[in-house]
Amino acid sequence: MISNYDNKKLSIGKLGIYTILILGCLVTLIPFLWMISTSLKPLSEVFKMPPNIIPKKFRVENYKDVAITIPITRYFINSIIITSIITIGTLVTTILAAFAFSKFEFWGKELVFSILIGTMIVPSEVTLIPNYITIAKLGLINTYTGLTIPWIASVVSIFLLRQFFLTVPKSLYYAAKLDGCSDFKFLLRIMVPVSKPALITIALLRIVNSWNEFMWPLIVTNIPNMRNLPVGIMNFTTESAGNYNLMMAASTIVIMPLIIVYIFTQKHIILGITKSGIKG
């Protein structure tokens, strides 16, 4: 039997855990809440002391001012196009590579996979110059192709999906082969449907990385019409120094789509990450 002392101890322990979790949530949420609040304030309220989370006067016109000052619609469309191409391309290359590394047997498979995993320790900044030289020589500066081609494959995504594919028994693969099912048909009809949580996780990770990408679009574009949101917003914050309410409105425009996507896919993300760590 559990004594009253043990019950009290458990209650105190749970209270401590909940307190830490609540504090963690507050630390995480306060910057976002402050950003949204500032984006709706007139400039006179931004530095008002004591600060107030809820604006006394809501100024939705801040978002309109941002749209008038910079071609935010063009930046938004560019970000959607770039993110979509990179995400779809990554899913295609990841599915094919992960299937080959998980179900096929070929000479040097483990060596090739080890080399791929080894590239994960190479900082992405190291590849910027070689990638830029290649893109420049191919005449792909200021093009969607130049913005997306170097990033349509991801070793992290391949590793994640391979781990998920390994949970599908090989006996199922051999049974399908005996029934005359081709590798491609087995991949599309069995492996892809059962790997839906992992694929959603990979897609979201690529969406976040592509949507927030700053350095690569900055160096391969030199005309405003090809800039994505992060680069466009950076130029805007430089020009509107001091107008923090407008800067926060622009930042909110960049972040809100990602938050909405995450809200609708969080269950699949948790499931995908959990199952991808299990090797069957």
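Which residues form one aromatic cluster? In this predicted model, the cluster is made of Phe-99, Phe-104, Phe-165 and Phe-186.

**Figure 1. The aromatic cluster of Phe-99, Phe-104, Phe-165 and Phe-186.** Searching the whole structure gives eight aromatic pairs. In the pair of Phe-99 and Phe-165, the ring centres are 6.5 Å apart and the planes meet at 85 degrees, so the pair is edge-to-face; the cut-off for that class is over 60 degrees. Phe-99 belongs to helix α4 (residues 72-103) and Phe-165 to helix α8 (residues 155-165), so the pair ties together parts that are 66 residues apart in sequence. Phe-99 and Phe-165 are both buried.

**Figure 2. The pair of Phe-101 and Phe-113.** The two ring centres are 5.2 Å apart and the planes are at 55 degrees, so this pair is tilted. Phe-101 is in helix α4 and Phe-113 in helix α5 (residues 109-118); the pair links distant parts of the chain, 12 residues apart. Phe-101 has a relative accessibility of 9% and therefore counts as buried, since the cut-off is under 20%. Phe-113 is buried, with a relative accessible area of 9%.

**Figure 3. Arg-162 over the face of Phe-113.** Arg-162 lies 4.2 Å from the centre of the Phe-113 ring. Phe-113 is the residue whose ring pairs with that of Phe-101.

**Figure 4. Lys-41 over the face of Trp-34.** Lys-41 is placed at 4.2 Å from the centre of the Trp-34 ring.

Definitions and conventions: Residues are numbered from 1 along each chain as its sequence is written. This is a predicted model: local features need pLDDT of at least 70, side-chain atom pairs count only at pLDDT 80 or more; totals for chains, interfaces and linings use all residues. Side-chain values use heavy atoms; hydrogens and water are left out. Rings of Phe, Tyr and Trp (its six-membered ring) pair if their centres lie within 6.5 Å; planes under 30 degrees apart count as stacked, over 60 as edge-to-face and the rest as tilted. Helices (H or I, at least four residues) and strands (E, at least two) are DSSP runs, numbered from the N terminus. Buried means under 20% relative accessible area, exposed over 50%, partly exposed in between (1.4 Å probe, protein chains only). A charge sits over a ring if NZ of Lys or CZ of Arg is within 6 Å of the ring centre and within 35 degrees of the ring normal.
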